[in-house]
Amino acid sequence: MERITKFRIFENLEKEEAFINKMNQDGWKLEFVQFGCIFKFLKTDEEYFTTICATEKSQTLQMTSGAVLSGYEVIPHSFDGMSNFIYLTGRKDTAYKDFFSDNASKLVHYKNIKNYYRIQALIPLICGLIFSLIAAIPYLPATLKILSNLDQVSSETMQEILPAIILVFTMLLLGLSLICYSAYIFSLYAKNKIKYTKLLDNMNLYE
């Protein structure tokens, strides 16, 4: 049997799901997900459909049982037991597409994805702020002062301090990049929070 391994990093679960389903369309069935970025596929003559579900850990067994009844199989991944995500794959012609048909399951799904994005956003934000503050507060003023008086700095001294200057600007750039990345993840968090709130309001409206 022919197998293939793909390395991809996704910050957006919708893009990850779209990538897997594109592989499904090309005749590759998902077999295993390792560390959230290594995808192993098996060549098949049938087209499969894959969905990623977020659920409470306490409901994982119930969710997987329902998935099997809906024509899916649970794809193992290296974060089993530590993650709220379940990868489900089934033959496209038999798998029940609307796996989350009830609002209660959808609500849990959106809630867990929302929390996932919040954590994903906070980590780079904290790291970015730390890098930026370390670079900006103690070192950036002195660095700018040196650069503004380059004509008074000897070439020997400049060679000695150049690595430090490069390090300061590298840390500052890295910090700002992490903050921008965090802002993007927060936008995904906000998007799923809107879905969660809208669904919750609709459920309360019809109670």
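Me: What should I know before we start?

Reply: This is a predicted model, where local features need pLDDT of at least 70 and side-chain atom pairs count only at pLDDT 80 or more, while totals for chains, interfaces and linings use all residues. Residues are numbered from 1 along each chain as its sequence is written, and side-chain values use heavy atoms, with hydrogens and water left out.

Me: How many helices and strands are there, and what makes a stretch count as one?

Reply: The protein has 4 helices and 6 strands. Both are DSSP runs numbered from the N terminus: a helix is H or I with at least four residues, a strand is E with at least two. Along the sequence the pattern reads β-α-β-β-β-α-β-β-α-α.

Me: Why is Asn 112 called buried?

Reply: Buried means under 20% relative accessible area, exposed means over 50%, and partly exposed lies in between (1.4 Å probe, protein chains only). Asn 112 has 7% relative accessibility, so it counts as buried. Asn 112 lies in helix H3.

Me: Which residues does Asn 112 touch, and what makes a contact?

Reply: Contact means heavy atoms within 4.5 Å. Leaving out residues up to four places away in sequence, Asn 112 touches Ala 54, Thr 55, Glu 56 and Asn 84. Its C-alpha atom is 9.5 Å from that of Asn 192, which is 80 residues apart from it along the chain.

Me: Why is Gln 120 called partly exposed?

Reply: Gln 120 has a relative accessible area of 29%, so it falls in the middle class. Gln 120 is placed in helix H3, residues 103-148. Gln 120 and Tyr 181 are 61 residues apart in sequence, yet 9.9 Å apart in space, C-alpha to C-alpha.

Me: How much of the whole protein is buried?

Reply: Of its 207 residues, 35% count as buried.

Me: How do you know that the buried residues of H2 share a side?

Reply: The buried residues in helix H2 (residues 60-69) are Met 63, Thr 64 and Ala 67. They cover an arc of only 95° around the axis, so they lie on the same side of H2. The arc is that of the directions from the helix axis to the C-beta atoms. An α-helix has 3.6 residues a turn, so residues three or four places apart point the same way.

Me: What makes S5 and S6 a pair?

Reply: Two strands pair if DSSP finds at least two bridges between them. S5 and S6 are joined by 3 bridges and run antiparallel. Val 74 stands opposite Leu 88 in S6.

Me: Which strands are the edges of the open sheet?

Reply: The open sheet has 3 strands in the order S4-S6-S5, with antiparallel pairing. Strand S4 (48-54) and S5 are the edge strands, since each pairs on one side only.

Me: How many bridges does S3 make with S2 and with S1?

Reply: Strand S2 (residues 28-34) is joined to strand S3 (residues 38-43) by 6 bridges, and they run antiparallel. Strand S1 (residues 3-7) pairs with S3 in the antiparallel sense over 5 bridges. Val 33 stands opposite Phe 39 in S3, and Thr 5 stands opposite Lys 40 in S3.

Me: Why is the pair of Phe 19 and Phe 41 called edge-to-face?

Reply: Rings of Phe, Tyr and Trp (its six-membered ring) pair if their centres lie within 6.5 Å; planes under 30 degrees apart are stacked, over 60 edge-to-face, and the rest tilted. The centres of Phe 19 and Phe 41 are 6.1 Å apart and their planes are at 80°, so the pair is edge-to-face. The pair links distant parts of the chain, with Phe 19 in helix H1 and Phe 41 in strand S3, 22 residues apart.

Me: What makes the pair of Phe 10 and Phe 19 tilted?

Reply: Their centres are 5.4 Å apart, with 35° between the planes, and the pair is tilted. Phe 10, Phe 19, Phe 39 and Phe 41 form one aromatic cluster.

Me: Are Phe 19 and Phe 41 buried or exposed?

Reply: Phe 19 has a relative accessible area of 14%, so it is buried. Phe 41 has 0% relative accessibility, so it counts as buried.
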